Amino acid sequence: MLLQGRELQSVRGERTLFSDINLDVTSGQLWQIEGPNGAGKSSLLRILAGLLPPQHGAVLFEGERIEQCRERYYYDLLFIGHKAGIKPELTAIENLEFYAAVEGLEFTQPPYELLAQVGLVGLEDIPAQRLSAGQQRRIALARLWFSQTRLWILDEPFTALDVSGIALLHERFQQHLAHGGAIILTSHQDLQSMSYPVQRLTLRYQH
Amino acid sequence: MTEHVTRAKAAITTGHTAAVKTTQQAQRVVSSRKVFQQIIRRDLRVAMRQRSDLLNPLIFLLIVITLFPLGVGPGPDILGRIAAGVIWVSALLSAMLGLERIFRDDFRDGALEQMLLLPVAVELSVLGKIVVHWLLTAVPVLLITPLLALLLNLPVQAWGVLWLTLLIGTPILSAAGAIGVALTVSLNKGGALLSLLLLPLLVPLLIFATAAVEATLAGVSPAGPLALIGAFSVLSVTLAPLAVKAGLRVSVN
């Protein structure tokens, strides 16, 4: 069992977003968190990533509470949130080199091939702030192509991507799952027609 | 851990990580030292691409210092007596100007979240941010200190001590400043609150720094106040990362 959520509850202000959420993520699984806007999808992901403490319940990584095994957990976690963590002053390559290095990886040569794979050819020397929203998203998602973490938590990964970008991402998800990785994501896209099985967790808007 | 190895190999055979190699063939290692270096490198690089942000506090400092003789009159004895205090007060205020930069941009673009998710102690990454802030804000001030001292006609025998107070006192500004910014970064109008929060804490620093210079001018040893500033400095640089970590946890919620 890679990641478990036990009786998770989140309260924002006066409102209970969700309570008693349980999920068991094993390797090879893709979990899609669904629900209307404001139902607490992002909050759930942030709780699972350990960025937000749950009001009640616990998140376990390989059976151990994530607060107790923080460094071991983050060694194997890749989280791309709503704000992707791409520095706008730096180029795509500089951004990716940083994230590779802090994951313990190193590019032996400038990662042109990687950029080609995510459709950023010819844009490698341009600061990210001068690229479009979709292109910036692609830089962040390019991390998925070299990352060797087992668990990916992605908040709306398909946002701002065009059709080809979405197809690329699906292809990459499939590889990751085939290699024993696991993915938790939020999306309004219908993933049922994909070639990999999708576990779904639906959050309802609570008043 | 053999699983990692097989996974890495599998990935390489599919050609997707062809341009990537793990630092050690068998097992990727995330070392604290490397993460620390990477954060410093990236932040310096980012800062070099927005130089105007770096220059503004320095220009502010220079303007204040050049205006002072015009305001209080160019009498060398008056200027010499107030020089250390004026330089320190201006340095303090100019430090406040650019302080938010420590975490504000990282908060906006999500790099702060990513920093909290690194598989090394958060305190270490925070220390990296504090070091970068010190390098970018205090080192330029240290470089122009002789010019400031000259402009205010500070007697030459006190230059060294003034410089020393700035050298060991400015890390306190960066470290304590980081705590304040960590607490206020998620607020929209945190600027005024930040100054209110920090300036009272920095008053002792101001008092001891000017006391050290005055002692030198009076022909007494400045060792006492200097030792106190040194103690503040060590204390704040070692303990601030812990407080910053707690502050950031609250701010990213």
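## Residues with positive phi

A:Asp20 counts as exposed because it has 10 C-beta neighbours inside 10 Å; a residue is exposed with 12 or fewer other C-beta atoms within 10 Å of its own, buried with 20 or more, and partly exposed in between, the C-beta atoms being placed from the backbone. A:Asp20 is found in strand 2 (residues 15-25) of chain A. Its phi is near 55 degrees, a positive value in a residue other than glycine. Most residues other than glycine have a negative phi.

This is a predicted model, in which local features need pLDDT of at least 70 and side-chain atom pairs count only at pLDDT 80 or more, while totals for chains, interfaces and linings use all residues. Residues are numbered from 1 along each chain as its sequence is written, and chains are lettered from A and ligands numbered from 1 in the order in which they are written.

A:Glu156 also has a positive phi, near 50 degrees. A:Glu156 lies in the loop between strand 8 (151-155) and helix 6 (163-178) of chain A; helices (H or I, at least four residues) and strands (E, at least two) are DSSP runs, numbered from the N terminus. With 19 C-beta neighbours inside 10 Å, A:Glu156 counts as partly exposed.

## Contact between the chains

Chain A contributes 39 residues to the contact and chain B contributes 36 residues, two residues being in contact if their C-beta atoms, placed from the backbone, lie within 7 Å. On the side of chain A that touches chain B, helix 3 of chain A gives the largest share, 4 residues. By class, this side has 22 nonpolar, 9 polar and 8 charged residues. Here Ala, Val, Leu, Ile, Met, Phe, Trp, Tyr, Cys and Pro count as nonpolar, Asp, Glu, Lys and Arg as charged, and the others, Gly among them, as polar.

## Two helices of chain B

The axes of helix 4 (residues 76-98) of chain B and helix 8 (residues 159-184) of chain B come within 11 Å and cross at roughly 25 degrees. Axes are lines fitted to C-alpha atoms, for helices over the stretch in contact, and angles run from 0 to 180 degrees between N-to-C directions. The contact involves B:Ala84, B:Ile87, B:Ala91 and B:Ala95 of helix 4 of chain B, and B:Leu162, B:Leu166, B:Leu173 and B:Gly177 of helix 8 of chain B. These residues divide into 7 nonpolar, 1 polar and no charged.
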